[in-house]
Each structure stands twice: as structure tokens, then as C-alpha cells.
Amino acid sequence: MKTLQTEHLTKRFLGLVAVNDVSFSLDAGEILGIIGPNGAGKTTFIHLVSGILMPTSGKVLFKGRDVSYAPAHERARMGIARTFQLIHPLENLTVLENVMIGAVFSRRQSLREARRSAEGICESLQLGDLGRDTASLSILEIKKMEIARALANGPEVLFLDEVMAGLNADETRQMISMVKAIAKERGLAVGVVEHVMGVIRELTERVIVLESGELIAEGPYSEVSKNPRVIEAYLGGAA
Amino acid sequence: MKRTATYAAAAIAAVVLAVLPAFLGAYPLNVARSVMTYMALAVSWDMLLRSGQISFGIAGLFGLGSYASALLVLRAGMDPVLSLVFATLLTGAIAYALGFAVLRLRAMYFSITTLALAEIFRIVLHNLHDFSGGPEGVVLPGVIFGGAAPALYWLCLAGLAITLGTSWYFERSKLHLALTAIRNDETSARASGVDIFKYLLVAFTVTSTLQGMMGAIQVQSYGFTTPETAFDANFTLLPLAMALLGGIHSTLGPIAGAVLLGIASEWLKLKIPYGHLVVYGIIIVLVILLMPRGLVGLARNRRAGRRA
């Protein structure tokens, strides 16, 4: 049984089909890349899987269980975690409190337990000075905190929505090895949305390609990047 | 260390407040009751504000508590003290039910709806002549505790203590994390497992219950009320102004604001009987323009500035 699976997942916004008939699966210990041009439906797809949006039709199965219409907070508790492309760090909370939220509400830990597990997660991500206000964080630290927040849920599935965006080459390398280490240590099923193809090549074993909401290709990055449909999707009809 | 100092200060304040009737006459005690009532309303309003929801319905729930308590005594022959408990719970129950509707709304839609609810309560009680006494209001057979000024003061102090205690609990329990997360970003709160509706319902019900409780205490302390007194817009506006002046999203801010504005308004009423509200309004405008984070925010900045 796959950790996470979708069957013919579709989301329609009035006339626009943002995600169209996408079936895929993701297994524990696997890092999957989700790529596609802007507006391909990558973020909508993650919204559907994490319950932020409800599908128009199709199914989301978590460990074989149909969770297609389960509310987001319930899916978080089951073990589906994610970061957000547009980051909204919680301003009036410290770094530690930001990370504690997932432990308190997803894992139902007491404040004391949550504090300890949040400290552990932050330490493994090398997030220093946890008493800080989030306003003073650098981009790298904010991205790390976003990942820490997601990990605090105690997830089995983790989606990272453009966590490398805005990082420089050094920071990106650091982030790649960090994500790899986390996935391995925790045996996570990881889905990564990323625009930088170098990151996808380094990080993932398999990718799915979305275009206009449809899944147009699947396989290792080296193969997919040679697929004529994928090249056309990225470069347009001229290619 | 800092926490010990806070507890010590709170304990001293509690003792001073408790023994105040030994030193003060009826008028100052009356002023103190008024300040404490507004303080409790300001703190309760702020407790919901911590989730990002701006309620304009304080007067509605306050009035509901007032009428519930008065009518329980008058129509059901209930003991006044017991009526305080039941009126408080009844207001909470009504808020809980209404919560399922109003908490689907956000931002100004929520605010306007809470304002409208307050108005609806007032109009209903205004027009239910036989049941509520209509526009003339209700007169109770007597004031609670025979109207003894110290007893009334202690009753009000007890209401305030319950409110402050609840607010303190809100700040230190996981409710603090839930409400702040909701205020900052509901989507990311949901992704962290926060059941948004549940926590909003808890906050709305609890704060409404506290507001109803203060209303019940008020009506039993005066022995009468009318729709216009119980649902007076000042019960919404003054607590709001006090919380803004003192500093929102904390327990301490609304307390400071209530002490200052409460005493200032009483003093202004004596000095400028016909224009005190104008001066009051000017104070509020200046405060919002010059220190948007209130007195507590100002003190915090000052301290941060000195450290840097």
C-alpha cells in the first residue's frame, strides 16, 4: 500500500480546470519532484492533498484510507504536512512557539512536551536562538522554520512548496542536504515543488510533470527532461 | 524572577482591591465598580480579539446577561445570587448557538453582524412588553445584598477576578497558540492541525459568557434596567477604547486602559458635564494616532530601545 495516492484528482474553479485527472502515488522513503511551468496547478495539487482545498472529483488516499474530503486540520493530525509557497510566519510568536503549534495541535502534545519536541526539531535544522521574534529572521531561517513547523506535526508525508526560492547557491546546497537527511532519518514520503531544475536533479529520484493541470510525464528527472512534451510545455510551441 | 515579580504584584493588587471598602465611601466605591465593569468587558473583548475577530457586540451580551438575570428573579422567582449564575450560563449558551452562524464570518462581516445582534436583542426586549417590561424596563424587588456598598463592590470585584483569571489562562494555555495562529494566518494554522472553528467557538462562547456575567452583576447591583441602559452602546465603545489605549492582545493592556480612561471619564464628567464625551473622543483619536500599540506597546518599545 502506498503512503499517499491520488486517483483522477480534479479541481475546477468555475471554467478553469486547475488540476485535471491527476493520479499519482508517493511512498515512504521517496523524494518526488513536482514540476511544471507557472500556473500548471502544482500548488493547487498540494492544496488538494493537504485539505486546504476540496476536490471537485477524484480521490486522495492516505495509507489506503479515503481522505478526499477530510478537513485540513484532520489530515495534519493523520500525518500529511506541508509548507507554504507564500510564507506567513506567525509574527506575534517566537520561533519556538511557531514550531510548537504543530506538536500541540497535530500530535496533541502538552505544552511542555511540545516545547521539547520543537526544540529537538529546531536543533536538527540548526535554527539558533529560538526565543527570537520571527521578524528578525533571514530568508534561510524562515524557510527552515517553515520546514520545522511542518515536521512538528509528526508527518509521514511532507510537501515542500518552493522552499528553495529566494536562497543563494550556498544556502540551496545546505537546504538540499538537509531535506535529504530529514527524509531519510524519518522515513518520510516527500513531495517537492521546485522551479530550479538543478535542485530537482539533486534531490529527487522521480518527478511528475504538470501542465495546465494535467500530468503529462513521470519518471526519473534524466528521462523526463528529454521528453518532448515536457520540453514543449516549458519552452512553448517554438521548441 | 520576572514571573515571581508579576505574581507578587498581582497578589498585592488583589489584597489592596479587596480591602478598599474599608477606606472608601459609597461614591468612590461606585466609581470603582464602574471601572471594574468596563475593565472586565475590555479584557473579555481583547480575549476574542487575540483570534483576530473584532466584536462590536459587547453591549448585546452584557444586556442579555442583565435581562436574563432580572427576568429570572422577576418571572421565575429565582434567588438573585442564583440568577447571576444562571444568567451567565444562559448568555453563554445563547452565544454558543449563535457562534455556529456568526463565526462563519470574518473581518468586518463578523463585526457588523455582532453589532446587529446586539441591536436585535435590544429591539426584541424593547417590544416584548408583557415579558420584559418593554421600553420602561424592569424594576427588581430589591438590590442584591440589601444594596450594601462594600458587598456590591466585592461582587463586582469577583466578576473582574473571574474575567482576569480566564484571560490569564488564555494567555498561558494552548489557547494562546491556537488564537494567535488563527489571527496570523488561518490556512497555515489549519495545516498545523488547528481546528479553527472549534477554537473560535470556545473563545466566542467564553468571552460572551463573561460579558453576560458582568451584565447580570450590573443589573442586580442597580435593581433596575431598561433596554437603553442594558444595551447602551457605551458598553461596547468604552471597553474598546480602553483596550486600544492600554494595548491589545494582552491582559495587562486593557487593565491599564480601563484604569486610565475609567477614572478620566469620571473626572471629565464632573468637570465638563456637557462636553466630557468630546474630550473623551479626542483622547481616543490622539491615542490611536500617536501610539497605535497602546501604553503597553509604548512601554515595551521603550524597554527594547534601552536594551539596544
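**Two crossing helices and a chain's overall shape**

In this predicted model, helix α8 (residues 174–184) of chain B and helix α10 (residues 196–222) of chain B have axes that come within 10 Å and cross at roughly 110°.

Visitor: Why are α8(B) and α10(B) called roughly perpendicular to each other?

Guide: Happy to walk you through it. Their axes cross at roughly 110°, and angles of 65 to 115 degrees count as roughly perpendicular. The crossing angle falls in that range, therefore the label for α8(B) and α10(B) is roughly perpendicular. As for handedness, α8(B) passes α10(B) in a left-handed crossing.

Visitor: Which residues make the contact?

Guide: From α8(B) come Leu175(B), Ala178(B), Leu179(B) and Ile182(B), while α10(B) supplies Ile196(B), Tyr199(B), Leu200(B) and Ala203(B).

Visitor: What classes of residue does the contact of α8(B) with α10(B) have?

Guide: The contact has 8 nonpolar residues, with no polar and no charged ones. Ala, Leu, Ile and Tyr are among the types that count as nonpolar, and those types make up the contact here.

Visitor: Now to chain A. How do you know whether its radius of gyration agrees with that of a compact globule?

Guide: A compact globule with 239 residues would have a radius of gyration near 18 Å, and chain A has 18 Å, so the two agree. Along the principal axes, the C-alpha atoms of chain A fill a box of roughly 55 × 40 × 35 Å.

Visitor: What percentage of chain A counts as buried?

Guide: Of its 239 residues, 47% do, where buried takes 20 or more other C-beta atoms within 10 Å of a residue's own. Chain A has 9 helices and 10 strands.

Technical notes. Residues are numbered from 1 along each chain as its sequence is written. Chains are lettered from A and ligands numbered from 1 in the order in which they are written. This is a predicted model: local features need pLDDT of at least 70, side-chain atom pairs count only at pLDDT 80 or more; totals for chains, interfaces and linings use all residues. Axes are lines fitted to C-alpha atoms, for helices over the stretch in contact, and angles run from 0 to 180 degrees between N-to-C directions. Helices (H or I, at least four residues) and strands (E, at least two) are DSSP runs, numbered from the N terminus. Angles under 35 degrees count as roughly parallel, over 145 as roughly antiparallel, 65 to 115 as roughly perpendicular and the rest as oblique. A crossing is left-handed if the near helix is turned anticlockwise from the far one by less than a right angle, and right-handed if clockwise. Two residues are in contact if their C-beta atoms, placed from the backbone, lie within 7 Å. The radius of gyration is taken over C-alpha atoms; the globule rule is 2.2 Å times the number of residues to the power 0.38. A residue is buried if 20 or more other C-beta atoms lie within 10 Å of its own, exposed if 12 or fewer, and partly exposed in between; C-beta atoms are placed from the backbone.
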